[in-house]
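Please read them with the structure open.

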Amino acid sequence: MQHECKITVLETKVFPELQEQYLANPKSGSCPCFKAGDTFTLKRTPEQDDFYHLMNGKFCGEAWDAVSRYVYTALQGGSIMHKWTNDERMMITCCNDGTRPVIFKIERIDIPETPEEEEWLAKQNFHNGAEDAYTG
């Protein structure tokens with residue numbers, strides 16, 4: 001089975017009071033790299049390896065540092081957030097910029113290559129409910 005990873009920018013935040021207090025440029029505003037609704041689909045094949053090339057410069061390095069472990073897990077077919085999110089193939093996370101964080105949704109996309117894989121995938125239940133939730 002092949003796997004891809006879709007990253008969607010859900011929201012960008014800005015905390016002007018923190019920027020005013022701590023940044024060299026207190027009026028820097030929201031993240032200049034992303035806007036809500038941006039999407040990125042990553043592949044990892046012999047022809048196209050988006051993971052090791054940080055999407056050829058299309059992704060902020062600091063944000064990549066924060067999300068890359070989840071992207072790698074998705075591209076390998078792993079469970080991104082087993083018993084944490086309501087679908088273990090999905091994760092909500094953010095970049096490390098504390099004054100202007102970007103909120104991302106990361107999704108594993110499963111691509112069956114054989115009828116057997118398609119049948120197996122159809123039988124899976126990736127849903128997690130409150131009774132399953134990991135509480136630390």
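1. The sulfur of C95 lies 6.2 Å from the closest cysteine sulfur, that of C94, which is too far for a bond. C95 counts as buried, at 10% relative accessibility (buried means under 20% relative accessible area, exposed over 50%, partly exposed in between; 1.4 Å probe, protein chains only).

2. The model is predicted: local features need pLDDT of at least 70, side-chain atom pairs count only at pLDDT 80 or more, and totals for chains, interfaces and linings use all residues. Residues are numbered from 1 along each chain as its sequence is written, and side-chain values use heavy atoms, with hydrogens and water left out.

3. C60 has its closest cysteine sulfur in C33, at 4.5 Å, again too far for a bond. C60 is partly exposed, with a relative accessible area of 22%. Over the whole structure the search finds zero disulfides, a disulfide being a pair of cysteine sulfur atoms within 2.5 Å.

4. Strand 4 covers residues 102–111 and pairs with strand 1 (residues 2–12) in the antiparallel sense, over ten bridges. Strands here are DSSP runs (E, at least two residues), numbered from the N terminus, and two of them pair if DSSP finds at least two bridges between them. Within this pairing, V102 is the bridge partner of T12, and I106 stands opposite I7.

5. Strand 4 also pairs with strand 3 (residues 90–94), antiparallel, over five bridges. Here I103 of strand 4 stands opposite C94.

6. Strand 1 is joined to strand 2 (residues 39–42) by four bridges, and these two run antiparallel. The partner of K6 in strand 2 is T41.

7. Which side chains of strand 4 are buried? Those of V102, F104, I106, R108 and D110, which point to one face.

8. D110, in strand 4, counts as buried at 14% relative accessibility. Its side chain makes polar contacts with the side chain of R108 at 2.7 Å and with the side chain of H3 at 2.9 Å. A polar contact is a pair of N or O atoms within 3.5 Å; within protein, one must be able to donate a hydrogen and the other to accept it, and residues adjacent in sequence count only if both atoms are side-chain atoms. Leaving aside neighbours within four places in sequence, D110 is in contact (heavy atoms within 4.5 Å) with M1, Q2, H3, R89, L121 and F126.
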